[in-house]
Amino acid sequence: MHQCYYCEQLFESKEQLYEHVEVHSDIERNKEIMNRKKKANQNESVKPKVKKVE
């Protein structure tokens with residue numbers, strides 16, 4: 001028996017476990033990407049907008 005360290009679900013084989021863990025890694029990756037986007041949007045809204053004078 002093999003156990004997922006994310007959700008503690010049990011699997012008969014390592015192959016099943018590895019396939020399952022990919023789901024968690026995709027979720028984590030997506031969360032990380034979304035957090036980066038949120039931070040970038042917050043930084044843009046904080047920066048003062050300056051007009052170029054010619």
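The request concerns His 24: where does His 24 lie, is it buried or exposed, and which residues does it touch?

Analyst: The account below starts with the whole chain and then turns to the residue. The model is predicted. The protein contains two strands and one helix, and from the N terminus on these elements follow the order β-β-α. Of the 54 residues in the protein, 11% are buried. The accessible surface amounts to about 5,400 Å², and carbon and sulfur atoms account for 51% of that surface.

His 24 sits in helix α1, which spans residues 14–46. Its relative accessibility is 16%, so His 24 counts as buried, the limit for that class being under 20%. Leaving aside residues up to four places away in sequence, His 24 touches Cys 4, Tyr 6 and Cys 7. The side chain of His 24 also has a polar partner: a contact of 3.0 Å links it to the side chain of His 20.

Glu 8 belongs to the loop between β1 (2–3) and β2 (10–11). With a relative accessibility of 58%, Glu 8 counts as exposed, whereas His 24 at 16% counts as buried. The backbone at Glu 8 deserves a remark too: phi is positive there, at about 70°, although Glu 8 is not a glycine.

In short, His 24 is a buried residue of helix α1, with a side-chain polar contact to His 20 and with Cys 4, Tyr 6 and Cys 7 among the residues it touches.

Note on methods:
Residues are numbered from 1 along each chain as its sequence is written. This is a predicted model: local features need pLDDT of at least 70, side-chain atom pairs count only at pLDDT 80 or more; totals for chains, interfaces and linings use all residues. Side-chain values use heavy atoms; hydrogens and water are left out. Helices (H or I, at least four residues) and strands (E, at least two) are DSSP runs, numbered from the N terminus. Buried means under 20% relative accessible area, exposed over 50%, partly exposed in between (1.4 Å probe, protein chains only). Accessible areas come from the Shrake-Rupley method with a 1.4 Å probe; for residues, only the protein chains shown count as cover. A polar contact is a pair of N or O atoms within 3.5 Å; within protein, one must be able to donate a hydrogen and the other to accept it, and residues adjacent in sequence count only if both atoms are side-chain atoms. Contact means heavy atoms within 4.5 Å.
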